[in-house]
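Here is a quick tour of a protein model, written for someone who likes to know the cut-offs. Have a look at the structure first, then read on.

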Amino acid sequence: MSHSPRPRTVVSCTLLVIALCAGVTACGSDGNPLSARPYDAAEEIAFNGLSTDGKKADPDKPLEVTAESSDGRLTDVTAVDASGRYVAGELSADGSRWHSTEPLAANARYTVRVSTEDDDGAPGRKTLTFDTGKPTTKKSVDVTFGPKAGQYGVGQPITAQLGMPVKDKAQRAVVERALKVDSTPAVEGAWHWVNDKELHFRPKDYWPAHATIQVHSNLEGIKVGDRLWGGKAASLKLTTGDSIIAVTDASAHSMKVYKNGAEINQIPVTTGKPGFETRNGVKVVLGKEYFVRMRGTTVGIAEGTSDSYDLPVYYATRVTWSGEYVHAAPWSVGSQGYANVSHGCTGMSTSNAEWFYDTIHEGDVVQVVNSYGHEMETFGNGFGDWNLAWKNWRTGSALVGGTPEGPTAADRARLRPQDV
C-alpha cells in the first residue's frame with residue numbers, strides 16, 4: 001500500500017504534564033489513528049463512469065467508486081451538485097464499492113468526497129470534481145391504445161399503456177394533453193391515471209350507440225421531462241353497436257335486458273349464495289366462451305369440500321378476470337327466479353343463456369343491484385370504471401382534476417357562436 005507518511009506521537013507516562021500541556025490525550029500508546037491527518041487516497045480508489053480525457057460524464061451512466069487496494073476500504077462517499085443537492089447512493093457492506101442509485105442531472109457540476117481507511121484504521125481522503133454533459137441516450141414514452149380496433153358495446157373504456165412510468169404530475173399533464181379521443185357524436189370525457197403506466201378514458205355517461213371513436217397520440221417528439229421524450233403510438237378506431245345493458249336484481253332473482261333503452265327480455269336467474277355473493281355494480285363484458293370448465297379450486301375452494309365443484313359450462317359471458325360469468329346453469333333451473341344458489345356467477349337456463357350469449361357483445365354493460373356482495377373493483381379485475389362517480393373520475397386526470405366541470409358537448413352544440 002502506497003501513501004504519504006503520517007505523523008505519529010508517542011507519549012510516555014513520565015511526560016504526562018508535558019503531554020497535557022501539548023494537548024496530547026494518549027498515555028503509553030501510539031495514539032488514536034483516526035486523529036492522524038488523512039492521507040491522499042488517490043492511488044487506492046477508482047472512479048468508474050468518468051472520462052479520463054477531460055470529457056464530460058454521461059449523466060445516464062451511474063457514478064461508481066471502488067477500492068483498488070486489498071488492504072483498504074471505503075468508509076464514506078458523498079456526491080453533491082453545485083446547488084447542494086446530494087446524490088443518493090449505496091455503499092457495499094465490505095466497503096469495496098459505492099454506486100449512485102439515482103440519475104445524475106445533465107449539464108451539472110458534481111463534487112465527490114471519498115473517505116477510506118487502511119488495515120491500521122488510518123484515514124484517507126480524496127475529493128474529485130467533474131461535470132456532466134448532455135445524455136447520450138433518450139428514453140421515450142411509447143403508447144399502446146386498447147382495445148383492438150373493432151365494434152364494442154357502449155361501456156367499453158379506452159386504455160393507454162405507456163412504455164415508461166410517468167409519476168410527476170406536470171409530466172403526466174404533458175402526456176395526457178397529447179392523447180386525443182374524438183367521437184361522433186361528440187361526448188364529454190376524461191382520462192384517468194390508473195397507475196404510472198396506464199390511463200383509461202371514458203365519457204361521463206356511456207358511449208352513444210352507433211358512435212365512431214378515433215384515438216391518436218400527438219406525443220411523439222414532445223419533451224415530457226429531463227431525458228424523457230414522447231414516443232410512437234398507433235392510432236385506433238372503434239365503433240359502438242346498439243346499446244345493450246343487462247341489469248340483474250339479485251334480491252328479485254331476475255335480469256332485465258335493455259336494447260337502446262327499451263326492455264327486450266326478462267330472465268329468471270340465480271346469483272351468489274351467502275358467502276359467495278355476486279359483486280354489486282357495473283361490469284363490462286370482457287369476452288364470450290362457448291365452453292368453459294369451471295372448478296372450485298380456481299377460486300380457492302378446496303377439492304372434496306361441500307362447496308367443491310367441477311362442471312362443464314356453456315354459453316359463458318365473462319365480466320371479471322377473477323372468474324365471474326353469466327352462463328348456462330341447467331343444474332339450478334329450479335332455483336332460478338326464486339333463490340340464490342351459485343358461487344358468484346349469474347346462472348340461467350341453457351336456452352336463456354344461449355339467447356344472452358348471442359345478444360351480448362364485448363363492451364356491453366352488465367350491472368348487478370341489490371346483492372349483499374362487495375362492490376365491483378374499479379380497476380384490476382376487468383372494467384369497473386363506471387362505478388366511479390364522474391366527479392371522482394375527473395380527479396384522476398392530470399389536466400382537469402380539481403377544475404370546475406364545464407359545459408357538456410351537447411351544451412356547447414346548443415350555444416350560438418357568439419356565446420362560445
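## The enclosed space

Tyr 152, Gly 153, Gln 156, Ile 158, Trp 207, Ile 213, Leu 238, Thr 239 and Thr 240 line the largest cavity. On a 1 Å grid over the protein atoms alone, a cavity is a set of points where a 1.4 Å probe fits but cannot get out, and lining residues have an atom within 4 Å of a point. Its volume is about 30 Å³, where volume is the space filled by probe spheres set on the points, joined across faces, edges and corners. The count of cavities of 30 Å³ or more comes to 1.

Strand β18 (residues 236–240) is the top contributor to this cavity's lining, giving 3 residues. Helices (H or I, at least four residues) and strands (E, at least two) are DSSP runs, numbered from the N terminus. Sorted by class, the lining has 5 nonpolar, 4 polar and no charged residues. Here Ala, Val, Leu, Ile, Met, Phe, Trp, Tyr, Cys and Pro count as nonpolar, Asp, Glu, Lys and Arg as charged, and the others, Gly among them, as polar.

## What kind of model this is

This is a predicted model, with local features needing pLDDT of at least 70 and side-chain atom pairs counting only at pLDDT 80 or more, while totals for chains, interfaces and linings use all residues. Residues are numbered from 1 along each chain as its sequence is written, and side-chain values use heavy atoms, leaving out hydrogens and water.

The largest pocket holds about 790 Å³ of space. A pocket, by the rule used, is an open set of grid points with protein on both sides within 12 Å along at least five of seven lines. Of its 36 lining residues, the closest to the centre are Val 299, Tyr 309, His 343, Gly 344 and Cys 345.

Elements giving two or more residues to this lining are β23, β24 (310–318) and β25 (325–328), and β23 gives the most, with 4 residues. The lining divides into 14 nonpolar, 15 polar and 7 charged residues.

## Charge pairs

How many salt bridges does a search of the whole structure find? It turns up 11, each being a side-chain nitrogen of Lys or Arg within 4 Å of a carboxyl oxygen of Asp or Glu.

Asp 196 pairs with Arg 172, and their closest N and O atoms are 2.6 Å apart. This bridge ties together distant parts of the chain, 24 residues apart: Asp 196 sits in the loop between β13 (189–195) and β14 (198–203), and Arg 172 in helix α2 (residues 169–178). Arg 172 counts as buried at 17% relative accessibility, whereas Asp 196 is partly exposed at 25%. Buried means under 20% relative accessible area, exposed over 50%, and partly exposed in between (1.4 Å probe, protein chains only).

Glu 377 bridges to Arg 279 with closest N and O atoms 3.2 Å apart. Shared partners join Arg 279, Lys 283, Glu 324 and Glu 377 into one network.

Tyr 290, Phe 291 and Tyr 314 make a nonpolar surface patch of about 320 Å². Patch residues have over 30% relative accessible area and no salt bridge, with like charges joined within 9 Å and nonpolar side chains (Val, Leu, Ile, Met, Phe, Trp, Tyr) within 5 Å. Areas come from the Shrake-Rupley method with a 1.4 Å probe; for residues, only the protein chains shown count as cover. Tyr 290 belongs to strand β23 (residues 287–295) and is partly exposed at 46% relative accessibility.
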